[in-house]
Amino acid sequence: MMKKRNFIITFILTLFCQVSMLLAGQPAENDSLSNKEKNLVRIAAITASGDLTKLKDALNNGLDDGLTINQIKEGIIHLYAYAGFPRSIRGLQTLMAVLEERKAKGINDQTGADASPVRNDQTKYERGKAILEQLTGVPEKDPKTGYAAFAPTIEVFLKEHLFADIFERDVLSFKDRELVTVSVLSTIGGVEPMLQSHLKICLNVGLTPAQLHQFVAIIGSTIGKKESVATDKVLNEVLNNKK
């Protein structure tokens, strides 16, 4: 009798927590990535890998699943900051070709919303700094250390361009942008400190451990086992350090 009552109490508390998270706008722990998010992960990872033939399939699947042209375009633009202009431009050129092929077949894809105008009187550096603090949940400190102290110019570029010019654009949410980012970092490899930082940001902007494990599985099926194993190792380190 006692065991049964404890089970009922545990069940009610678990249900209450999940409902509370949903009402607060946060996904429950067992929620999976949406189709939009899964497609963004695949498109970003394949673009970063440079496999343009495979990218055409991923782009078609994303458009078929309801991603707008501007959402896909924005994801490919975003990833240039992590994979470089060559990969990003080749991705955009592939998207152009796919859209032409679909148009010739009578498929009219939804363009989607453009980025809203920025209405903020702060400097780009201050705006970028505020966005970075929002992403990490950690206030920026002075004096700078590490690479920011060694090469102050790149620290300015990161604040003004990456976190203001790019992250500030509202075509994609912060969650979407972080999924694109970790997809690229997982694919190119050898950037574990950055991957660790961005996986922490993923958790801070509302992605759950379950969703991030699903992300790792998508990297495995899309890019390869080597990349998924390396990413899973970094993710487990991040999750273990949060306990």
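I will start with helix H10, residues 174-188: its 15 residues reach 21 Å from the first C-alpha to the last, close to the 21 Å expected at 1.5 Å a residue. The expected span is 1.5 Å times one less than the number of residues. Helices here are DSSP runs of H or I with at least four residues, strands are runs of E with at least two, and both are numbered from the N terminus.

Before going on, the source. This is a predicted model, in which local features need pLDDT of at least 70 and side-chain atom pairs count only at pLDDT 80 or more, while totals for chains, interfaces and linings use all residues. Residues are numbered from 1 along each chain as its sequence is written, and side-chain values use heavy atoms, with hydrogens and water left out.

Back to H10. How many of its 15 residues are buried? The count is 12, so H10 is largely enclosed by the rest of the structure. Buried means under 20% relative accessible area, exposed means over 50%, and partly exposed is in between, with a 1.4 Å probe and protein chains only. After the helix comes Gly189, with a positive phi near 70°.

Now the chain as a whole. It has 13 helices and zero strands. Of its 243 residues, 38% count as buried. The accessible surface is about 13,700 Å², and 57% of that belongs to carbon and sulfur atoms; these areas come from the Shrake-Rupley method with a 1.4 Å probe, and for residues only the protein chains shown count as cover. A contact means heavy atoms within 4.5 Å. Among contacts with a separation of 6 or more, 71% are between residues 24 or more positions apart.

Next, charges. A salt bridge is a side-chain nitrogen of Lys or Arg within 4 Å of a carboxyl oxygen of Asp or Glu, and the structure holds 13 of them.

Glu74 and Arg169 meet through their side chains at 2.6 Å, N to O. This pair links distant parts of the chain: Glu74 is in helix H4 (residues 69-78), Arg169 is in the loop between H9 and H10, and they are 95 residues apart. Glu74 is buried at 3% relative accessible area, whereas Arg169 counts as partly exposed at 34%.

The second bridge is between Arg127 and Glu168, at 2.9 Å, N to O. Arg127 lies in helix H7 and Glu168 in the loop between H9 and H10, so the pair ties together parts 41 residues apart in sequence. Arg127 counts as buried at 11% relative accessibility; Glu168, at 23%, counts as partly exposed.

Lys159 and Glu155 form a salt bridge at 2.5 Å, N to O. Why are these two about one helical turn apart? Because they are four residues apart in helix H9. Both Lys159 and Glu155 are buried. Shared partners extend this bridge into one network that joins Glu140, Asp142, Lys144, Glu155 and Lys159.

Asp142 also takes part in a backbone feature: a cis peptide bond joins Asp142 to Pro143, with omega about -5°. Pro143 is in the loop between helix H7 (124-136) and helix H8 (146-150). For context, most residues other than glycine have a negative phi, and most peptide bonds are trans.

Ile154 is found in helix H9, residues 152-166, and counts as partly exposed at 42% relative accessibility. With Tyr147 and Phe157, Ile154 makes a nonpolar surface patch of about 350 Å². Patches take residues with over 30% relative accessible area and no salt bridge; like charges are joined within 9 Å, and nonpolar side chains (Val, Leu, Ile, Met, Phe, Trp, Tyr) within 5 Å.

Last, the rings. Rings of Phe, Tyr and Trp (its six-membered ring) pair if their centres lie within 6.5 Å; planes under 30 degrees apart count as stacked, over 60 as edge-to-face, and the rest as tilted. By this rule there are three aromatic pairs. Tyr80 and Phe85 make a stacked pair, 4.2 Å centre to centre with 20° between the planes. Which of the two is buried and which exposed? Tyr80 counts as buried at 16% relative accessibility, while Phe85 counts as exposed at 51%. Ring pairs also link Phe163, Phe167 and Phe174 into a cluster.
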